[in-house]
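Okay, everyone, thanks for coming. Let me put the thing up on the screen, and then I'll walk you through it.

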Amino acid sequence: MREKYTLEEVFNEAAFPEITFVKSKYYREIRSSIRAQGKHITISGPSGSGKTTLLKGLLRDLNIAKPEYHEFNGRSYPQNESIIEILALESNTSNDFNSVTKELAKYKFIIIDDFHHLSSAAKMELANLLKLWHEKEIRFILVGIASSAAALTGVDPELGIRNDPYELKEESDEFINELIKLGEGALNVNFSEELKCQIIIASKGVPSIAQVICRIACITTDVEETFQDETQVIDIRLKDIRDSVLRIFNAKYFDKIVGLAKGKEHARSVHNTYFDIISSIAGEDKAEIAVETLRSKIVGTISDPDMRNRKGTSFANCLKYLADVIEARGLSDALYYRKGASYISIEDPSFRFYLNLVDMDQIKSRLHIRNSGYAYDVAVSFAGEIRKTVQEFVDLAKEKGINVFYDFDLQHKIWGKDLQSKLVEVYTDEALYMIIFISEDYPIKDWTSFESEVGRKASEKRTTEYILPIKIDDTPVLGLKGTVGHLDLRQLTVEQIIDILDRKLSDFVD
């Protein structure tokens, strides 16, 4: 009779795979480092690459078990600034170097998983103390993302010979095939050759992805435990289980991608360009995507010159803040961009896998993307005497992602043109709203009188409100009813008015 295993004992992306553990190509080298006396070890690599699994397999095979080592996760202490304080808490001892060192000496190893989640100050302090602890034969094993090893060993050149750094990359196709084979043997099943090929190709050498697909494939075909009699054949296609596989990764990535697509905090991407960027990245089956490739796809395909120029400006502005947005949305472990760089890199293969599968229309549906049909959200009309106030308004509006027609921004476009014709075009057809800044000079200026007349005529053609007055003082404006709702800069700040405008613009969504 075959030994019986449950499906979760065989394929499980969230726990140590006792049955389907495959020795990594780094196995022997790291095993030697563990055996060697005195050395610290750093194991880094992208999420899902099997860092923690490999370490647990090595400790098991070397018969090193708790309480011979002490292990904790960096996620538990992201705000703590001192590694001594963290280790004192872990050791239940006094918060000083000597007391902590005395407790650490009780163990063969101190293992810190998700090391990269520690604060920069805690990591720096640890790096500075590792040399002292090496001299006292206290050994650390640090496990984290790819930057961990470089951040650690770059502090002290002498630390290099006392620390063995390993940066895990994707495993080979043979590794994934062996993982599948072990699972097949334990459950007495056979994956079809086509399905195995699809799993190997889709996982791109990431063990956790292979574990997920294999588990979902078994669930879909009612494989819950080892078959005792005839071998069960699993013959489905990856597309058949796409939604179930996606659900596993949705919790990790979906909301973060929605956040990235929304862009900078407290600002709307008027042209939806952050969404276009992540959507275009999803459409590229690569780990590195050239910025020029994205620019070509997002901007270069627009035929209308004015729209192309506006989109180009929006694209450049998004790139300016992209690194900050990636960090703010919690995607810095998965996606890397440095301001001014020519490439955007996907650091996490699991994230690349997710982007290949996710339906970007679902992301888009969470954004409430506005499509007013107008080139500008607002066009401003004002007397030159209050330009300083209007400039502040325009600058804050841009920070919110509001697209403003403002003469100083468009001097290169209106230079040499018939200004009256251009303004009629903008106020009549291109702006969703016209904002009039009412001041004592507004009614007596030729240009403002012309603009307000154009605005009144345009307003007659609109089915909703069009002119939005902002009062600087109590000057009346000919043709503008006193009963029209207005905002008053004597009662509200520019920032408050921008917030109100932003909420009003948000009414225009698909």
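So, Glu18, Arg60 and Asp61 are linked in a network of salt bridges, where a salt bridge is a side-chain nitrogen of Lys or Arg within 4 Å of a carboxyl oxygen of Asp or Glu. Quick word on what you're looking at: this is a predicted model, where local features need pLDDT of at least 70 and side-chain atom pairs count only at pLDDT 80 or more, while totals for chains, interfaces and linings use all residues. Residues are numbered from 1 along each chain as its sequence is written, and side-chain values use heavy atoms, with hydrogens and water left out.

Back to the charges. How many salt bridges does the structure hold? The count is 26. Let me show you a few of them.

One is between the side chains of Glu13 and Arg215, at 2.8 Å, N to O. Glu13 sits in the loop between helix 1 (7-10) and helix 2 (27-35), and Arg215 is in helix 10 (residues 207-220), so this pair ties together parts that are 202 residues apart in sequence. When I say helix or strand, I mean DSSP runs numbered from the N terminus: H or I with at least four residues for helices, E with at least two for strands. Are those two side chains buried or exposed? Arg215 is buried, at 14% relative accessible area, and Glu13 counts as partly exposed at 25%. The cut-offs there are under 20% for buried, over 50% for exposed and partly exposed in between, with a 1.4 Å probe and protein chains only.

Next, Lys204 and Asp285 meet through their side chains at 3.9 Å, N to O. Lys204 is in the loop between helix 9 (193-203) and helix 10, and Asp285 is in the loop between helix 12 (273-282) and strand 8, so parts 81 residues apart in sequence get tied together. Lys204 is partly exposed, with a relative accessible area of 36%.

And then there's Asp276 with Lys311, a salt bridge at 2.5 Å, N to O. That one goes from helix 12 to helix 14 (residues 305-328), so the pair ties together parts that are 35 residues apart in sequence. Lys311 is buried, with a relative accessible area of 8%.

Okay, on to the greasy bits. A nonpolar core here is a set of buried Ala, Val, Leu, Ile, Met, Phe, Trp, Tyr and Cys residues joined through side-chain atoms within 4.5 Å. The largest one has 73 residues, and among those with the most contacts inside it are Phe11, Phe191, Phe351 and Ile363. Which helix gives the most to this core? That's helix 11 (residues 242-262), with nine residues. Take Ile363: leaving aside neighbours within four places in sequence, its contacts (heavy atoms within 4.5 Å) are Phe254, Ile257, Val258, Ala261, Phe275 and Val358. There's also a second, separate core of 23 residues, which includes Tyr406, Tyr433, Val494 and Ile497.

Ile435 is in strand 13, and it's buried, with a relative accessible area of 3%. Not counting residues up to four places away in sequence, Ile435 touches Val378, Ala379, Val380, Ser381, Phe393, Leu468, Ile470 and Leu501.

Last stop, strand 1 (residues 40-44), where five of five residues are buried. Both faces are covered: His40, Thr42 and Ser44 on one side, Ile41 and Ile43 on the other. Five bridges join strand 1 to strand 5 (residues 163-167), running parallel, and Thr42 has Pro165 as its bridge partner there. Four bridges join strand 1 to strand 4 (residues 140-144), also parallel, with Ile43 opposite Val143. For pairing, DSSP has to find at least two bridges between two strands.

That's my tour; over to you.
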